[in-house]
Structure formats: structure tokens, C-alpha cells
Amino acid sequence: MWGIPGYPLLVAGRTSSCPSIAGANSQIEFRSGSLPFTEEDSVNIEQVQEAIKELQQQGYEVWTRVFAAPGFNLTKTWGSLFERKEVQFRPVERNPKNPGEANDEAIVRACKMLAASKKNRYIVLLASDCGFLDVLQEIAEEGASVCLCTSARNLGAISRFRTCGVRVIELVSQTSSFSAVRAILNADGSGHVELAKPFKYDGSGSEDRELCSNFLHDLGYLPESDTRLTQSTAKFWFANSLGSIAVFPQQLATEKVCRMVSRRRRWQRYRDDLVLLLPLASPRRLSTKQRKIYGTRLGQQLYVGGGPVMLKDTKNLVQRAFTKLGYLDGCFNTDLAEAALLFVNASDNCHRLRKVLDLLPSEGDTVADVIDKLRSALRSNLTDARWRVAPSDSKIRQLLCKQGFLSNVNAVAEDVLRAMSQYSLLHGLPAMRSYNGYVFRILRSLDSSIGTTRPIEIGR
């Protein structure tokens, strides 16, 4: 099963009588789901092609079905894939009340139907997190053969699936770029980004990860074996006053922590009082020049995000995090409820809250309820700490100038705010109490891919 870019892919098909896929003369069907849009998490068309090639080399005859929102087959990037006769597009209508679950539900239904067909099905999930582990285990118990196909970079998911007895095929990309960006956490908790030689990850490092995980677990920084190491390594380093550390690419931090294991020192145990933020800008298609500079789209997102920060957990944690991420300021963005509205509707944030943490605000939640959930989310060690920053107003400025609401794209924010209010009134958009709130509503109204999907609203 394949879904929109950045989303998990599932493969299902027939196997030979042997449960191992190696050398099997099989028919495979790909379907899709939903994952975070990040580098080691992301699933792009290149990875799809590499996965198909890997399976073909192992003896499979591959058919592909793509499950995604209607119209996805018309996109430039993925359209060429559907020209192949063995690739079919299956549109999945969005559920306005629960948009994030549309592909997930389609995948689960398809998995269970394949497993119930009793035709010796082999079901392979191409993914980077553990979102479909439960359903794979369920259908495996019913007799289906299952497997995870994922990037060799996704050490956390690989470890979790193997621990649960699921076979894993590791994909080592032969064509992908490597990030030239380093996100550095400074000793005082501030951070910055810099450019360096591209970090090439070759799929090794499982031993380092195990050593690092055990060490951090013993000190309380890694309370659960299936959590990612990004936060744990950074918090350990900061709490023990070891200086600055690169928190991205994460493998660099793992290597540094491993070098500390053999040192005889009384290490500071975790006090559950730290919050790491790794601000993530909106994704953009990189030009050839930009790819040479940043290496990857995730690298560019983190570079524009400005670098990590370590915060102490306090009652006003969410407000401080929102300020760091650009949702609040002391001028045109002072409304906490609207800041929360924007934060939970940002796609990466919504995914983490919904699928990773099960803390997505629901209908009936008050602002206080939402803030409590977001504080728990920010404190959690289950994420990679990458939270999307507030939306940029660059497209809005261009739109307002084009339609005569603004005379200059470089106008001061006060003039832009007035123009956005006039534009919103003309087009029947809700009146907002913040600059970012207007940016959010206008951008959303212009995004045709959203269709009738409603945003997650925040009550008062």
C-alpha cells in the first residue's frame, strides 16, 4: 500500500509455500497509509522505486496500488508512476471529521481482506514508524506472513519490529542525497544550525544504538525501549554539562554518547524536567542549487527552522515553546487559543499528536484541556522533537499585492494585517485575533488539496 509522499507504504501479495520472501515467485500489491514528512521518516517516489526494485530482485512480480486523496494521481512528481500498467491509483475520500485516518482505515481493511482470503498472502509494510505494527501482528496471528520494508536509517522501527518477531528488509538508498546540515544544541540550551560535509549514513550503527540505548535507559533518559534517541541523547548531554552537541543528524549524537559509556563518572540521572525542540520549517521542493547546499529537504527545513533549544519544564511551557516556534510574540500574535489552533493543524504536528502520542485535541476540549495535552506532548520522549514552526506570510503578501489589497510585498506587518482582514471579510473567511491566525485561514482557503476537510478547531 502506498500513500501520499511522506506516508507509509504497505505491500501485500502471494508467496510461495515458504514464508521467506527470498527467491519467492510472488505477486505483490502496494498500498498506502500515513507517516511523518521527515527525512528518515519520509517515503518519496524514489524510495518507492527502490523498494519495488529490491522486491523484484528477491523474486517478486510486483503490482502496485496507491491509496491517496482524489487527484493525487495528477501530481507531477507521482503522475509518471501511474503510467506503468502494473501501478493502479485508488482514491480515498477524506473524512471531514477525521481526515488523518482515511488512508489508515483503507489500509487496515485491505490488510484484513488479504489475510482473510486464505491465499497464502504475504503482507509487507514499507514504513518508518510502528503505526501499523498492531495490524500486522493481528493478521500474522491469523496465519498471514508479514514483513517490514524500511530505510536502513530507521533503526528505531527496525528494532521494534524485529523485537516483535516481524521480519525486516533494510533499504540502503543508492541515489538519495545526504544532509549537509548540522543542528547544534549549545551548552546553555540555545542552538544554531550550520552547513558541513554531507553526512553519509551507510546503514551501520545498530551496535552503537543498542549500547547507547542501554546506557541511557539505565540513567532514566530512555524510559521505553522503542523511543527514538534524539531527545534522550540531547537531554543526557545537556543535563551533564558536556558542552555542545549535534542533535541532527542523530547518529552523530549517538556516537558521542557511546564514547561516554566507558568513562568513570557519576552521571546525572534524568529528572524528567527537560524539553527539546527542533523547529521544522514547511517543506519545499528543492532546486538543484538548494540540494547542493542543504543535501536534503529535511536538512533545509531544519536549517530554516533556526536550530534546537532546550527548555526547562514549567507551567508556561507551551507558551514558551510557541514563542520559540513563532506562534506567539509580544505584538501581533498574543492569543494563546489561536496559537494552539495553528500548532495542532500543522501537518507534522498533527501527525505526531494523533499517531505517535494519541494527544490530538478533540471536539469539546477547552483551551485549558488543549494546553494540558500539548504540554504532555512536548514533554514526551516518544517523538523526534521536530515541531513545525508558524506558517510564513510570503505567499499571502504576494496574493494581497496581486489583488490590490497591498501596494508592496515588503509592507510593514500592521499594513499586512489590515489587508488580510479586508481580504478575509470579502471572501467570507473567519475574523481572527492574530496575524498568524489570518495567515492560517487564508493559506488554508487557497489549498485545493484540503477540499472539504475541516481544521481541528479549538474551543474557548
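In this predicted model, the side chains of Arg-388 and Asp-348 meet in a salt bridge, with 2.5 Å from N to O. Arg-388 lies in strand E13 (residues 386-388) and Asp-348 in helix H13 (residues 347-356), so the pair ties together parts of the chain that are 40 residues apart in sequence. Buried means under 20% relative accessible area, and Arg-388, at 9% relative accessibility, therefore counts as buried, as does Asp-348 at 2%. Arg-388 and Asp-348 also belong to a network in which salt bridges that share partners join them with Arg-228, Arg-352, Asp-384 and Arg-386.

A search of the whole structure finds 17 salt bridges, and among them is one between the side chains of Lys-112 and Glu-138, at 3.7 Å from N to O. This pair links distant parts of the chain, since Lys-112 sits in helix H3 (residues 102-116) and Glu-138 in helix H4 (residues 133-141), 26 residues apart. Lys-112 counts as partly exposed because its relative accessibility is 37%, and Glu-138, at 33%, likewise counts as partly exposed.

A further salt bridge brings together the side chains of Asp-393 and Arg-397, at 2.9 Å from N to O, and both of these residues are buried.

| Salt bridge | N to O distance |
|---|---|
| Arg-388 and Asp-348 | 2.5 Å |
| Asp-393 and Arg-397 | 2.9 Å |
| Lys-112 and Glu-138 | 3.7 Å |

Definitions and conventions: Residues are numbered from 1 along each chain as its sequence is written. This is a predicted model: local features need pLDDT of at least 70, side-chain atom pairs count only at pLDDT 80 or more; totals for chains, interfaces and linings use all residues. Side-chain values use heavy atoms; hydrogens and water are left out. A salt bridge is a side-chain nitrogen of Lys or Arg within 4 Å of a carboxyl oxygen of Asp or Glu. Helices (H or I, at least four residues) and strands (E, at least two) are DSSP runs, numbered from the N terminus. Buried means under 20% relative accessible area, exposed over 50%, partly exposed in between (1.4 Å probe, protein chains only).
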